[in-house]
Amino acid sequence: MTIMHAPANPAAEVTAALPTEAPEHERVLITRGPRSGLTIIVAVHSTRLGQALGGARVWRYGHWTDALADALRLSQAMTMKNAAAGLARGGGKSVIAIPAGVSLDERATRDAMLDLGDAVESLGGAYMTAEDVGTSAELMAIVHERTEHVCGLPAEQGGVGEPADATAAGVYASILATLGYVFGSSDVAGRHFVVAGLGQVGGRLARSLAAAGARLTVTDVAGAKRALADELRATWVEPGEAHLVEADVFVPCGLGGVLTHEVVDALRVRAVVGAANNQLASRDVAGHLTERGIVWAPDFVVNAGGVIYLDVASAPGADQAALDERIAGIGDTVASVLRSAEEHGTTTLAAAERLARERLDAAR
């Protein structure tokens, strides 16, 4: 069983601002888990296209309202992601907030997952959960003890497992599409990539890029990841310095909010393509990237491989070849978004949102 611990570094706490306008979400559940005593939030943004699908995040927040803001933001992004990916799924997200100074041992982790299962079940099928930051397929199996509305269970329990391979494959396809748009060739060999975050997805992506002949500069908040840098013969930099490296593509694969105005001012790359969710610290950063001539492939299009995998692979009679083709098709969607932004004179964010909204409107 995977044991979750609250990050020891206070800088790892997530702080997000609550929206000043009324949220457009269909349902938001805030509950105190009777077993764990932890604040559990489930945000269902939209079910217009179908049952909301989005992962469960276990993380440390400075205050429970930060967890609420995170759930609202992430669930809205899931609506856009699922719509842009062409899935018959709405958007939702669940968050379990770990208070400052608290760690979860095996028993507390199990209690938290059972509480999450009860919260999901209480929504009557409006939302299906899955693994996300701080959770795993094994933990989803515990959630499954309390609800059927969960996917991504371990393969030995009849599930499809964790979607990291699919997410990484989708990001790789997005990188190829972006290289083709920016440089006129999708050839990875000889290109310089800065991969910030070497977790489940970032690590896989770094391996794929290295195998294709890329030059890599990498970083992670966990110093132990230096071993992977050594294995791939990549240059290691400290996390706060990654955006300062001159390269072809910046690849953010950690937590969101990395693209602030200050970071964009300092970037020395032609493009940004990564797995991290909610990369823009604020919406206007998309315009700032455009002004600087940096092509940003919108995150909710790029990292859709995982949710496509969970949705398609979980269906009866799922075909692996068709699934692989669907995930590779993320690159085609990215290329379409980049061309649309250029044709309409808009940011790539606006172009990606236009694609998602067209599909949402068609479901009215």
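## Basis of the model

Local features of this predicted model need pLDDT of at least 70 and side-chain atom pairs count only at pLDDT 80 or more, whereas totals for chains, interfaces and linings use all residues. Residues are numbered from 1 along each chain as its sequence is written, and side-chain values use heavy atoms, with hydrogens and water left out.

## Overall form

The chain contains 13 helices and 12 strands; these are DSSP runs numbered from the N terminus, helices being H or I of at least four residues and strands E of at least two. Its radius of gyration, taken over C-alpha atoms, is 19 Å, close to the 21 Å that the globule rule (2.2 Å times the number of residues to the power 0.38) gives for 364 residues, so the chain is as compact as a globular protein of that length. The C-alpha trace spans about 55 × 45 × 45 Å along its principal axes.

Of the 364 residues, 55% are buried, meaning under 20% relative accessible area with a 1.4 Å probe and protein chains only. Among contacts (heavy atoms within 4.5 Å) with a separation of 6 or more, 66% join residues 24 or more positions apart.

## Nonpolar cores

A nonpolar core is a set of buried Ala, Val, Leu, Ile, Met, Phe, Trp, Tyr and Cys residues joined through side-chain atoms within 4.5 Å. The largest comprises 86 residues, and Phe 193, Leu 216 and Leu 259 have the most contacts inside it. Helix H4 (residues 164-183) gives the most to this core, with eight residues. A second, separate core has 26 residues, including Leu 38, Leu 104, Met 113 and Ala 141.

## Helix H10

Helix H10 (residues 305-313) is mostly covered, with eight of its nine residues buried. Tyr 309, Leu 310 and Asp 311 are among these buried residues. They pack against strand S3 (52-53), helix H1 (64-84), H4, helix H11 (320-328) and helix H12 (330-344).

## Gly 90

Gly 90 lies in strand S5 (residues 90-98) and counts as buried, at 2% relative accessibility. Not counting residues up to four places away in sequence, Gly 90 touches Ser 46, Leu 49, Ala 52, Thr 79 and Asn 82, among others. Leu 360 is 270 residues from Gly 90 in sequence, yet the two are 9.3 Å apart in space, C-alpha to C-alpha.

Methods: Buried means under 20% relative accessible area, exposed over 50%, partly exposed in between (1.4 Å probe, protein chains only).
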